[in-house]
Amino acid sequence: MSTQRLWLRCEKKEFERRSALTPTTAKTLIDAGFQISVERDEQRIFDDAEFEAVGCTLVDNNSWPTAPTDVPIIGLKELPVSQEPLPHTHIQFAHCYKRQAGWSSVLARFYNGGGTLYDLEFLTDATGRRVAAFGYHAGFAGAAAGALALASQRSGEKLGRLEPYENETAMIEGVKNTLATVGGSAKGVKALVIGALGRCGRGAVDLFRKIGLVEDDILKWDMAETAKGGPFQEILDVDIFVNCIYLSSSIPPFLDHDQIIAAGQARRLSVVVDVSCDTTNPFNPIPIYSINTTFSEPTVPVDLRRDLPSLSVISIDHLPTLLPREASEQFSHDLLPSLLELPRRKTAKVWTDAEKLFHEKQKEAVEAEGLL
């Protein structure tokens, strides 16, 4: 069998410090016979030298377009917007299978170039469960950002730029210290997490526990609690609402403008953290904002009358990069068994299922773009 090559590209999304491969997982792949090229990337949490030390070949930043077209390109976040055809096989989160904004033009690039997309969000095992996800760290970091936004709001300020933490312990201590400056501790803060039984929801609940919220002040909702359909009054009665659901179809909104306005001054809710971040999804269950926020501008205010209490939304679509090393190690470790199957991707179910889905979605995009 010929050597399986794999090319780790740099990330072009601002503030993105995570990596689909780590030096640890790269070494395991090399030991299994892979040949790995790694683009130099000052933004990545792992130093280039860490990859070189385990046997990877360092190549120029953003040089993947010049790679042989039979070499799969692996990354995390979506590629910059472009009309350039894509002739390679790409393994990444593309955010285009649920008809998000620009979905058809993304897939049209693969059609025009003859390339293939293996979307990391849709790599599943034999039971249909995702083989790797950043959910836990997304929920953990999202809850932390929500607590920081609440502290800023109580100080009469807007939450400033968010910076990655070295590890979970540093994040917990940082949030605790910030809350201490405005009220002593997290005691008395009330939060509601929807999707609490999933990986993302468990992360959010764990963060709230670790910063000191009382257990009874952490409302943990999942499908049973939301089965009656929203909007839900209970969301207005907490300080922080964290949305962690996986959205696959249309559902009634959890929260809407009319409900917020009707609550008037009685509303307690101050911060919404939309970890799911279905901002441009036509089925977005939190239709009170319309833009993704960023690490430099983490919150967006909900447009309300001046006489109403302020309400802000956090809708950052790569929250786990607040814990870039731990999140990358966990994700890459979970992805590793599937990557080891990459040389057999024409027969290995995790890859054949992903390719089948790609062709189905590409067909829809080609029709939408009028390319037939």
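The model is predicted, so local features need pLDDT of at least 70 and side-chain atom pairs count only at pLDDT 80 or more, while totals for chains, interfaces and linings use all residues. Residues are numbered from 1 along each chain as its sequence is written, and side-chain values use heavy atoms, with hydrogens and water left out.

**Exercise 1.** Determine how α5 and α6 are oriented to each other.

*Solution.* 
Step 1. Locate the helices (DSSP runs of H or I, at least four residues, numbered from the N terminus). Helix α5 covers residues 168-183 and helix α6 residues 199-211.
Step 2. Consider the axes, which are lines fitted to C-alpha atoms over the stretch in contact, with angles from 0 to 180 degrees between N-to-C directions. The two axes come within 9 Å and cross at roughly 60°.
Step 3. Classify the angle: under 35 degrees is roughly parallel, over 145 roughly antiparallel, 65 to 115 roughly perpendicular, and the rest oblique. The helices α5 and α6 are therefore oblique to each other.

**Exercise 2.** Identify the residues that make the contact between α5 and α6, and sort them by type.

*Solution.* 
Step 1. Apply the criterion for contact (heavy atoms within 4.5 Å). Helix α5 contributes Glu-168, Ile-172, Val-175, Lys-176 and Leu-179, and helix α6 contributes Leu-207, Lys-210 and Ile-211.
Step 2. Sort them, counting Ala, Val, Leu, Ile, Met, Phe, Trp, Tyr, Cys and Pro as nonpolar, Asp, Glu, Lys and Arg as charged, and the others, Gly among them, as polar. Five are nonpolar, none is polar and three are charged.

**Exercise 3.** Describe the largest nonpolar core.

*Solution.* 
Step 1. Recall that such a core is a set of buried Ala, Val, Leu, Ile, Met, Phe, Trp, Tyr and Cys residues joined through side-chain atoms within 4.5 Å.
Step 2. This core has 43 residues, of which Phe-208, Ile-211, Ile-240 and Val-242 touch the most other members.
Step 3. Helix α4 supplies the largest share, 11 residues.

**Exercise 4.** Decide whether Glu-355 and Glu-52 are buried, partly exposed or exposed.

*Solution.* 
Step 1. Glu-355, in helix α11 (residues 349-369), is buried because its value is 14%. Leaving aside neighbours within four places in sequence, Glu-355 is in contact with Thr-116, Tyr-118 and Lys-346.
Step 2. Glu-52, in helix α2 (residues 48-53), is partly exposed because its value is 48%.

Key:
Helices (H or I, at least four residues) and strands (E, at least two) are DSSP runs, numbered from the N terminus. Buried means under 20% relative accessible area, exposed over 50%, partly exposed in between (1.4 Å probe, protein chains only).
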